[in-house]
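This report covers pockets, aromatic pairs and charges over rings. The structure comes first, then the details.

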Amino acid sequence: MAALQKNSVVAVIGSGAMGAGIAQVAAAAGYRVKLYDTRPEAVSKALADIGKMYGKLAEKGRMTADEALAATARLQAAGSLADVADAMLVVEAIVENLDVKRSVFAELEALVADDCILATNTSSISVTAIAAKLRRPERLVGMHFFNPVPLMALVEVISGLATSETVAAIVYDTATTWGKKPVHAKSTPGFIVNRVARPFYAEGWRLLSEQAGDPATIDAVLREAGGFRMGPFELMDLIGHDVNFSVTQSVFGAYFNDPRFTPSVLQQEMVNAGFLGRKSGRGFYAYGEGATTPVAQAEAAQPKPEVVTLSAAIGGDGRSHSGIVHSLVQRLEQAGFTVSSRVLLEGQAHDAAPALHCNGAAIYLTDGRSATQRAHDNQHADTVLFDLALDYASAKRIALARADQCSDAAYAAVVGLFQAAGFTVTLLDDVAGMAVMRTVAMLANEAADAVNQGVCTAAAVDIAMQKGVNYPRGPLAWADDVGISHIVTVLQNLASGYGEDRYRVSPLLRRKLASGAPFHA
């Protein structure tokens with residue numbers, strides 16, 4: 001299927017930030033663009049701003065002066081909806097209201113040609129519902145851009161129940177010619193990104209509510225260990241807690257109160273207080289002149305231990321994350337440690353997972369149990385857990401959790417071990433699954449469910465989360481890397497520990513575990 005021809009007219013309805021951004025991208029790609037809004041003055045301002053932006057891009061060498069002039073010339077204001085009657089593609093970017101969108105598309109359908117494609121930029125409303133009242137619902141498709149449109153690569157191409165495959169394919173190819181990275185998705189609540197991203201916020205709220213750490217500390221762990229550009233609390237401050245809470249409520253209701261999407265009472269309190277984030281001057285952080293940034297927790301310097309060993313049990317299931325432990329061992333060796341290995345025979349170890357040992361402490365990658373529970377299960381009081389990191393070779397920070405039974409001396413030795421390897425060490429209170437691991441496990445679980453339910457492909461969900469919200473790795477690729485077996489173990493232990501359906505394992509994760517096949521070959 002081919003993209004729309006470059007001589008085609010693209011109409012954009014709505015001249016706000018999203019509509020103006022879509023118009024800018026389409027015109028820069030060589031299409032004639034008509035911009036309409038019920039407020040003519042808003043259109044004039046948007047066109048002027050787009051022209052200035054082209055000029056800035058030319059100054060920076062991202063387009064030539066001639067290209068900037070040509071793109072500007074391809075933009076024009078539409079005085080009425082009737083003026084877009086010659087469009088081959090109409091992209092609606094107006095208020096998120098079903099009745100208003102239906103009304104606009106009904107009017108457009110009476111004006112444009114029968115082969116004109118109608119697209120909605122909705123982020124939360126069912127594409128099926130928007131199209132339901134049209135004479136030809138098969139020509140309406142979702143074309144969900146991300147803000148700011150000129151900078152964000154992702155476009156979710158959303159097919160409702162009636163959407164023609166040909167229409168979706170043309171829009172997909174057209175988005176590609178606009179320099180975007182499109183993915184196909186089925187019209188379900190949240191589509192891909194707004195659905196799969198919910199655990200990133202939800203697990204942050206759970207960590208905060210259980211006092212695993214303060215917001216600045218949890219954010220730092222997700223950034224400096226997990227590799228995310230922002231932690232959940234600084235990101236929600238940027239989005240606005242009212243907006244983020246509203247989306248969470250919408251997805252929760254749309255999935256008939258599935259506990260996996262349960263909103264946070266703490267966030268409701270933030271909204272009630274008017275602590276909305278940057279736009280109100282106060283959220284989890286203070287903004288404006290004189291505002292100070294809280295410092296994340298970091299452990300005081302401890303002496304470097306002399307001896308480090310690595311153990312694993314014969315016949316154990318440590319293969320699922322042996323690569324993670326191996327990369328950590330490499331960093332320790334580069335820091336000057338000699339890490340000797342020993343194999344534990346069956347019956348010698350209560351825990352079959354690989355473990356580091358120093359000064360009597362057993363150090364494990366978190367598996368969804370608390371350190372206290374794991375110390376009890378293993379009958380080894382001096383147990384310390386470390387959290388997942390995107391790349392142990394380059395991570396600046398690592399999070400630890402100590403069992404309540406762990407001695408101060410054993411814990412201090414573990415802190416000294418990681419500090420000697422160049423990590424800033426953060427102590428989280430002993431919450432099951434820690435921070436990065438439980439977040440990644442839940443992201444992978446939700447992504448797997450989206451694939452299992454036919455919303456999108458495994459490749460699409462990973463592209464969407466990387467290009468739409470800048471995740472450092474796609475959730476399913478991350479699950480492959482950590483080991484699907486370990487991800488399932490983490491989720492099962494969380495479900496057992498909390499006794500909540502929230503942490504139920506996706507059937508597709510179980511299927512992958514049984515088959516031994518990764519999501520990405």
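## Charges over rings

The charged end of Arg 374 sits over the ring of Tyr 364, 4.3 Å from the ring centre. Arg 331 does likewise with Phe 423: its charged end lies over the ring, 3.6 Å from the centre. A charge sits over a ring if NZ of Lys or CZ of Arg is within 6 Å of the ring centre and within 35 degrees of the ring normal.

This is a predicted model: local features need pLDDT of at least 70, side-chain atom pairs count only at pLDDT 80 or more, and totals for chains, interfaces and linings use all residues. Residues are numbered from 1 along each chain as its sequence is written, and side-chain values use heavy atoms, with hydrogens and water left out.

## Aromatic pairs

The whole structure holds 15 aromatic pairs. Rings of Phe, Tyr and Trp (its six-membered ring) pair if their centres lie within 6.5 Å; planes under 30 degrees apart count as stacked, over 60 as edge-to-face and the rest as tilted. Tyr 31 and Trp 178 pair edge-to-face, at 5.9 Å centre to centre and 70° between the planes. Tyr 31 is in the loop between helix 1 and strand 2 (32-36), and Trp 178 is in the loop between helix 6 (165-177) and strand 8 (181-186), so the pair ties together parts 147 residues apart in sequence. Helices (H or I, at least four residues) and strands (E, at least two) are DSSP runs, numbered from the N terminus.

Both Tyr 31 and Trp 178 are buried (under 20% relative accessible area, 1.4 Å probe, protein chains only). Trp 178 also stacks with Phe 145, at 6.3 Å centre to centre and 20° between the planes. Phe 145 belongs to strand 6, so this pair links parts 33 residues apart in sequence. Phe 145 counts as buried because its relative accessibility is 2%. Elsewhere, ring pairs join Phe 200, Tyr 201, Phe 228, Tyr 471 and Trp 478 into a cluster.

## Pockets

A pocket is an open set of points on a 1 Å grid over the protein atoms alone, where a 1.4 Å probe fits, with protein on both sides within 12 Å along at least five of seven lines; lining residues have an atom within 4 Å of a point. The largest pocket has about 1,200 Å³ of space. Its lining has 40 residues; Phe 146, Asn 147, Ile 239, Gly 468 and Val 469 lie nearest the centre. Helix 17 gives the largest share, 4 residues.

The second largest pocket is lined by 27 residues. Helix 2 gives the largest share of that lining, 9 residues.

Methods
Points joined across faces, edges and corners; volume = space filled by probe spheres on them. Buried < 20%, exposed > 50% of the residue type's maximum accessible area, 1.4 Å probe, protein only.
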